Amino acid sequence: MNNLIEIEALTKKYEGKLALDSLSFNLSEGKIVGLLGPNGSGKTTLIKILAGIMKGYEGSVLIEGHAPGAYTKAIVSYLPDKTYLSSWMKVRDVVDMFSDFYADFDKSKALELLKRLNIELGLNVSKLSKGTYEKVQLVIVMSRRARLYLLDEPLGGVDPAARDVIIDTILTNYNEKSTVLLSTQLIQDVERVFDEVIMLKEGKIFIHDEVDNIRSEYGKSMDELFREVFKCL
Amino acid sequence: MLIKLIKYEIKACYTKFVAIFSLYIILAAVAILFLRDKDFIIQPFFAIAIIALAVITAMTLFQRFNSNLFNTEGYLMFTLPCEGNILLLSKLLTGIIWIGALLIIVVPSALLAYTMTGNNNLMGLVDKVFNHNGLLLGLVIIVYFIELILSILVIFLSISVSKLSIWRKFGVLAGFATYFIIDILNGVFVLLFTGKFRSLGSIGSVNSTDFQIFTVKSIIIQGTYDIALCILIFYAIAYLMDRKISLK
Amino acid sequence: MKYEFNPTIPIYLQIMEEIKRQIVSGERGPGDKIESVRELAQFMGVNPNTMQRAFAELEREGLMYTERTAGRFITTDSVLISRIKEESVRSKVAEFVVLMQKSGFTKADIIRLVEGFMEDSNE
């Protein structure tokens with residue numbers, strides 16, 4: 001199996017701080033990977049670099065053999081930790097726009113998911129509650145048949161029921177050709193779906209392994225391990 | 001991709017433009033139909049209205065460039081599967097469309113008002129200056145237009161420069177500095193070649209002495225220089241967008 | 001329905017335990033067809049790769065087998081199934097006996113208490 005992501009000696013300085021310190025790792029396709037770490041550990045920086053919106057780094061980042069750019073943006077579906085939809089749009093407009101710009105966007109799937117979540121297409125996005133807005137963004141992102149899904153803190157600020165829906169959507173969306181990289185601080189709810197986790201500490205990889213291996217070795221859940229590792233910070 | 005970007009750009013703004021243009025048309029119609037003999041109302045009205053429309057158009061254009069690309073909407077725009085130069089071009093072309101709409105609405109109505117108030121100086125002036133040389137008039141209009149695009153691009157560049165992370169908190173200052181530096185450099189360059197210092201903003205203040213020095217040859221040289229500068233600045237902006245700017 | 005997994009133990013092991021429990025209790029009979037990896041993973045709310053690993057291990061232990069086009073099935077080997085049945089309770093028996101002995105009960109006490117309980121619950 002070829003590696004979907006190949007990262008070598010990735011270093012990024014940001015406003016005088018070393019956000020990522022010579023990171024090297026590979027991810028193959030067909031995996032759901034958790035990216036764990038406290039605030040400031042470099043998770044968002046890594047995801048932004050993979051998404052192609054953060055530039056000026058040293059080292060090599062390859063997605064399907066290409067550096068982040070127009071090619072990778074067509075195969076990467078990115079869910080940022082921000083509200084990025086234009087305020088003039090209705091939910092319907094968002095679906096149409098993504099359908100317009102992305103060849104791999106599955107419009108019927110998006111409409112079906114929105115219906116299942118009881119989200120009205122005619123609503124203006126700026127009038128949605130935070131939870132509903134995040135669901136819309138997630139539906140849009142997961143309705144693309146992308147090779148790589150980058151989800152930056154998709155569970156924060158969302159009620160537990162919605163979290164279950166989100167985790168469920170990620171699972172049902174799974175296919176052997178795609179990989180999901182999900183960064184989160186709410187590990188407990190979601191660690192059951194991870195194949196692997198990467199724990200970042202101060203811009204370096206602390207652990208990168210299959211989750212069940214970590215459980216065998218440490219006898220701890222990801223959540224417990226995380227708390228232990230980072231309790232001094 | 002480019003067409004789609006322009007389509008969505010227009011969708012985002014058109015209600016605003018339709019509103020202000022409609023307002024202008026209504027007021028202009030009222031002015032022309034009912035107040036044509038009141039010079040003291042007509043002239044200031046049109047002067048203010050046209051300036052207001054131009055200012056609103058310009059501000060919308062630059063505010064869109066800034067907020068759509070560099071605020072949180074940028075997370076969507078910069079993850080679309082295209083290069084930065086296409087995004088830039090879409091903003092530029094949409095801006096030209098708005099300016100075109102502005103001109104189509106403003107110019108005929110202003111001319112109409114002007115002639116209806118019994119003034120015929122303008123046509124005489126133009127006639128005298130260009131000596132019935134349609135080619136020269138046409139070229140001047142084209143170069144005028146190119147310089148308009150150049151001004152837009154320089155402001156885009158200033159906005160882009162202000163977003164670089166090296167400035168820390170002084171981005172806006174850096175943006176203004178960029179504009180002034182380019183303006184001065186451009187002016188000096190033109191001064192060396194033509195003996196006249198022309199500021200970038202001078203498009204809005206063409207006067208009769210300017211006209212007297214235009215020849216077909218000088219206009220073509222001016223135009224070529226402007227086009228080269230446009231291309232240079234365009235690619236500078238695209239370079240910054242693709243290589244250097246990271247979103248917050 | 002989502003199963004509650006203990007996150008400190010490898011999930012694939014817990015899946016295996018659950019499937020064994022279902023075999024022992026009769027919820028899955030010998031020769032029964034098993035859902036696909038994806039279906040069961042979705043049902044249980046786990047990663048399909050984890051489910052795949054559980055299936056592979058169960059196959060290795062002989063509790064499941066794959067028929068190329070037809071799918072996966074529970075073994076029909078009744079000897080194996082009874083062994084699993086006894087194995088699955090062995091730890092519980094051990095737990096119980098150790099607990100009782102620690103509390104000071106003798107073998108005779110234990111047998112008496114067990115028989116007494118079973119008679120009572122039959123009423």
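Biologist: Which residue in S3(C) stands opposite Ile34(C)?
Modeller: Ile34(C) stands opposite Arg72(C), where strands (E, at least two residues) and helices (H or I, at least four residues) are DSSP runs numbered from the N terminus. This is a predicted model, in which local features need pLDDT of at least 70 and side-chain atom pairs count only at pLDDT 80 or more, while totals for chains, interfaces and linings use all residues. Residues are numbered from 1 along each chain as its sequence is written, and chains are lettered from A and ligands numbered from 1 in the order in which they are written.

Biologist: How many bridges join S1(C) to S3(C)?
Modeller: There are 2 bridges between S1(C) and S3(C), residues 71-74, and the two strands run antiparallel; strands pair if DSSP finds at least two bridges between them.

Biologist: And what is the strand order of that sheet?
Modeller: The order is S1-S3-S2 in chain C, an open sheet of 3 strands with antiparallel pairing. S1 (33-34) and S2 (64-67) of chain C are the edge strands, each pairing on one side only.

Biologist: Which helix lies across S2 and S3 of chain C?
Modeller: That is H3(C), which runs at about 100 degrees to S2(C); axes are lines fitted to C-alpha atoms, for helices over the stretch in contact, and angles run from 0 to 180 degrees between N-to-C directions.

Biologist: Switching to the interface, how many residues of chain C are in contact with chain A?
Modeller: On the chain C side 15 residues are in contact with 19 residues of chain A, a contact being two residues whose C-beta atoms, placed from the backbone, lie within 7 Å. H1 (11-25), H2 (37-44) and H3 (48-60) of chain C each give two or more residues to that side, and the largest share, 3 residues, comes from H3(C).

Biologist: What about chains B and C, how far apart are their nearest C-alpha atoms?
Modeller: Chains B and C do not touch, and their nearest C-alpha atoms are 28 Å apart.

Biologist: Now chain A: at what angle do the axes of H5(A) and H6(A) cross?
Modeller: The axes of H5(A), residues 130-142, and H6(A), residues 160-172, cross at roughly 0 degrees and come within 11 Å. The two helices are therefore roughly parallel, a label for angles under 35 degrees, with over 145 counting as roughly antiparallel, 65 to 115 as roughly perpendicular and the rest as oblique.

Biologist: Which residues make that contact?
Modeller: H5(A) contributes Gly131(A), Lys135(A), Leu138(A) and Met142(A), and H6(A) contributes Ala162(A), Ile166(A) and Thr169(A).
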